[in-house]
Amino acid sequence: MLVVDDEPGVRKALQRGLRAEDMDVVTAADGPTGLQLASTGSFDVILLDIMLPGLSGYRVLERLRKDGVTTPVLLVSAKDGEIDQADGLDLGADGYLVKPFSFVVLVAQVRATLRRAGPDASRGTLRLGALAVDRGLRQVHWNGVEVGLSPREFALLEVLVGRAGTVVTKDELLRAVWGEEQAVTRNLVEVYVGYVRRKLDAVGAGALLRTVRGHGYLASDAELDEVITP
């Protein structure tokens, strides 16, 4: 989940509360940062404040829909007027919350939005710079050039790009890619990361996949590095 809000207290409270609900949360403090992160297509849902520095929530939503990003968006605003809500919905929002709102209501709205989106909502294309990971066709392209990956390599890259800008641990990759296979160890994760990195290197995209020593692996690029909020 991506939370875009310019109030530090709100971001911190939502991040803490949503993580307690077993949601993986990334935050952004302004419109341009939110747009950059949301444009990857890697989030299941976006909570987007309307009044943001740099670029309003309306404009962020408008750009996302224009660029073909279909991630469900819940707009948040202190304004409760019908016109404001209608404007947001007309731009492609999937819901509207008025501040101050109940956290219980927020969680219910998020879950309802995800149910409406259905399982196919997570099968769109992930983007990281010039890298495109098509989860429907299970194909990867870099600047239009196909990168041939095995099913296991694709699954590993899908997880990393799907969480672009955040560190993914070896244990998380083991669970996501290999599931309950008993014979799999962390060393195998290192081997497969090496396979994927070499194939990305061959087309000039190797720098997107990085090792964070002692923690795990990170998929990112220069533009995303600049906007990641700690």
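Me: What radius of gyration would a compact globule with 230 residues have, and what does the protein have?
Reply: A compact globule with 230 residues would come out near 17 Å, and the protein has 18 Å, which agrees. That radius is taken over C-alpha atoms, and the globule rule is 2.2 Å times the number of residues to the power 0.38. This is a predicted model, where local features need pLDDT of at least 70 and side-chain atom pairs count only at pLDDT 80 or more, while totals for chains, interfaces and linings use all residues. Residues are numbered from 1 along each chain as its sequence is written, and side-chain values use heavy atoms, with hydrogens and water left out.

Me: OK, and what does the C-alpha trace span along its principal axes?
Reply: About 55 × 35 × 30 Å.

Me: How many helices and strands are there?
Reply: The protein has nine helices and twelve strands. Both are DSSP runs numbered from the N terminus: helices are H or I with at least four residues, strands are E with at least two.

Me: What share of the residues is buried?
Reply: 44% of the 230 residues. Buried means under 20% relative accessible area, exposed means over 50%, and partly exposed is in between (1.4 Å probe, protein chains only).

Me: Switching to helices, at what angle do α6 and α8 pack?
Reply: Helix α6 (residues 151-162) and helix α8 (residues 186-202) pack at about 90 degrees, with their axes 10 Å apart. The axes are lines fitted to C-alpha atoms, for helices over the stretch in contact, and angles run from 0 to 180 degrees between N-to-C directions. So α6 and α8 are roughly perpendicular to each other. Under 35 degrees counts as roughly parallel, over 145 as roughly antiparallel, 65 to 115 as roughly perpendicular, and the rest as oblique.

Me: Which residues meet there?
Reply: From α6, Arg152, Glu153, Leu156 and Leu157; in α8 they meet Val189, Tyr192, Val193, Tyr195, Val196, Lys199 and Leu200. Contact means heavy atoms within 4.5 Å. The residues of this α6 and α8 contact divide into eight nonpolar, no polar and three charged. Ala, Val, Leu, Ile, Met, Phe, Trp, Tyr, Cys and Pro count as nonpolar, Asp, Glu, Lys and Arg as charged, and the others, Gly among them, as polar.

Me: Now Gly34: buried or exposed?
Reply: Gly34 is buried, with a relative accessible area of 1%. Its place is in helix α2 (residues 31-38). Leaving out residues up to four places away in sequence, Gly34 touches Leu2, Val4 and Ala28.

Me: Where is Leu37, then?
Reply: Leu37 is in helix α2, and at 3% relative accessibility Leu37 counts as buried.

Me: New topic: which residues does a cis peptide bond join?
Reply: Lys99 and Pro100, with omega about -10 degrees. Pro100 sits in the loop between β5 (95-98) and α5 (103-117). Most peptide bonds are trans, and most residues other than glycine have a negative phi.

Me: What is the phi of Asp22?
Reply: Near 65 degrees, a positive value in a residue other than glycine. Asp22 lies in the loop between α1 (8-20) and β2 (26-28) and is exposed, with a relative accessible area of 74%.
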